[in-house]
Amino acid sequence: MFLNFLDELRAAGIPASLKEHLILLEALDREVIERTPEDFYYLARATYVKDEGLLDRFDQVFAKVFKGIATTYGTQQAEIPAEWLRAVAEKFLTPEEMEAIKALGSWDEIMETLKKRLDEQEGRHQGGNKWIGTGGTSPYGNSGYNPEGVRIGGESKHKRALKVWDQREFRNLDNTKELGTRNIKIALRRLRRFAREGAADELDIDATIDGTARQGWLDVVMRPERHNAVKLLLFLDVGGSMDPFVKLCEELFSAATSEFKNLEFFYFHNCPYEGVWKDNRRRFAERTPLWDVLHKFGHDYKLVFVGDASMSPYEITHPGGSVEHFNEESGAVWLHRMTTTYPAAVWLNPVPEQQWGYSQSVKIIRELMNDRMYPLSLSGLDDAMRELTRKR
């Protein structure tokens, strides 16, 4: 049952497994939803789709399999399904309406005329009884009136069209786009590693029931709260060329704060040197020596830099290269110390990846990070979290 649906999902690049297919069938057998197309759609989508970037593709497959609408994920051009039109007409039109249609010619002739007019027509048409447009009495178009028309786009007013032939205008979910806080949270969750540490202040219901059954009296068992045990050091580049990316960095910072209980953050400008800070308004008066950071936080912390890496190459490679102070050691030296102390390290760059090749400083930072620089997009963030997960 629905094996054609499974095949179409796989053909469209959605990794649907047989196990998921059996789960869907079991859910239908147990009647976990109302027997409506809408409920089945949401159940199937929740079962098969694990990546938000595939939601639009799933919609196209679902429409093709269950609604008879041609999709664009394949290589063939969409054709008007005349057989489908005949079936719809026989089901919904009255004999009188069918006779009126026959006066215009056969179904094949109507479809052929539609294709010819699409080829002949050069622009938008309003009104009339021949061309494809809006209003008027032509059998083709929308917002007009013809009992045997083929509506092309628009909204139906008379509900009398033989076929609704509408172009998809939905925006695909693109996993290369810079997305909001919710999507960033989803990507960051790949880095989660749950553990129970700290004070036992949460009731363990299963252990309490088991202990009570064994002892014969109420045996209350407490346990530490389960939380994300991953430790994260977040270094954020601020000011200058990072100003256009303030909103995106705020969303990332907000998502990281909510996802990681053990999160420490610091700011830097262009390249980290011997001092970093937590308050940009007092960044000259209240600085934290980077040596203190390296000695305070253990090697098990994950290190994440966020910056466009766009600066003068001398700010990275030479002492005294900083634009704000005289740094006795180059930024490259400090980056090497940080990535050596924290082997699990990545650099997130808000600049689109196709532009990285134009900046010499981006190339240098990327080399210092051992090519662990990723674009600050949903797919880039997902790849970065995979990299951090590989290094324990």
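Reader: Let us begin with charged side chains: how far apart are the closest N and O atoms of Lys247 and Glu251?

Author: Side chains of opposite charge can pair when their charged atoms come close. The term salt bridge is used here for a side-chain nitrogen of Lys or Arg within 4 Å of a carboxyl oxygen of Asp or Glu. Lys247 and Glu251 form such a bridge, with their closest N and O atoms 2.6 Å apart. This is a predicted model, in which local features need pLDDT of at least 70 and side-chain atom pairs count only at pLDDT 80 or more, while totals for chains, interfaces and linings use all residues. Residues are numbered from 1 along each chain as its sequence is written, and side-chain values use heavy atoms, with hydrogens and water left out.

Reader: In which helix do Lys247 and Glu251 lie?

Author: An α-helix has 3.6 residues a turn, so residues three or four places apart point the same way. Both Lys247 and Glu251 belong to helix H10, where they are four residues apart, about one turn of the helix. Helices (H or I, at least four residues) and strands (E, at least two) are DSSP runs, numbered from the N terminus.

Reader: Is Glu251 buried or exposed?

Author: Buried means under 20% relative accessible area, exposed means over 50%, and partly exposed lies in between, with a 1.4 Å probe and protein chains only. Glu251 is buried at 14% relative accessible area, whereas Lys247 is exposed at 57%.

Reader: Which side chain meets that of Glu264 in a salt bridge?

Author: The partner of Glu264 is Lys278, at 3.7 Å from N to O. This pair links distant parts of the chain, since Glu264 is in strand E8 and Lys278 in the loop between strand E9 (275-276) and strand E10 (288-289), 14 residues apart. Glu264 counts as partly exposed at 25% relative accessibility, and Lys278 is also partly exposed, with a relative accessible area of 36%. A further salt bridge joins Glu329 to Arg337, with the closest N and O atoms 2.7 Å apart, and a search of the whole structure finds 10 salt bridges.

Reader: Turning to the sheet, what is the order of its five strands?

Author: Two strands pair if DSSP finds at least two bridges between them. Here the order is E8-E7-E11-E12-E13, in an open sheet with parallel pairing. Its edge strands, each pairing on one side only, are E8 (262-268) and E13 (373-375). From one strand to the next the twist averages 25 degrees, where axes are lines fitted to C-alpha atoms, for helices over the stretch in contact, and angles run from 0 to 180 degrees between N-to-C directions.

Reader: How many bridges join E7 to E8?

Author: Seven bridges join these parallel strands, and Leu234 stands opposite Phe265 in E8. The chain passes from E7 through H10 to E8 in a right-handed β-α-β crossover; right-handed means that, with the strands pointing away from the viewer, the path from the first strand over the helix to the second runs clockwise.

Reader: Which strands does helix H13 lie across?

Author: Helix H13 (residues 331-341) lies across E7, E11 and E12, and runs at about 145 degrees to E11. Eight of its 11 residues are buried, so H13 is largely enclosed by the rest of the structure. The buried residues include Trp334, Leu335 and Met338, and what covers them includes E7, E11 and E12 as well as helix H14 (360-368), contact being defined as heavy atoms within 4.5 Å. Val333 also lies in H13, but is partly exposed, with a relative accessible area of 31%.
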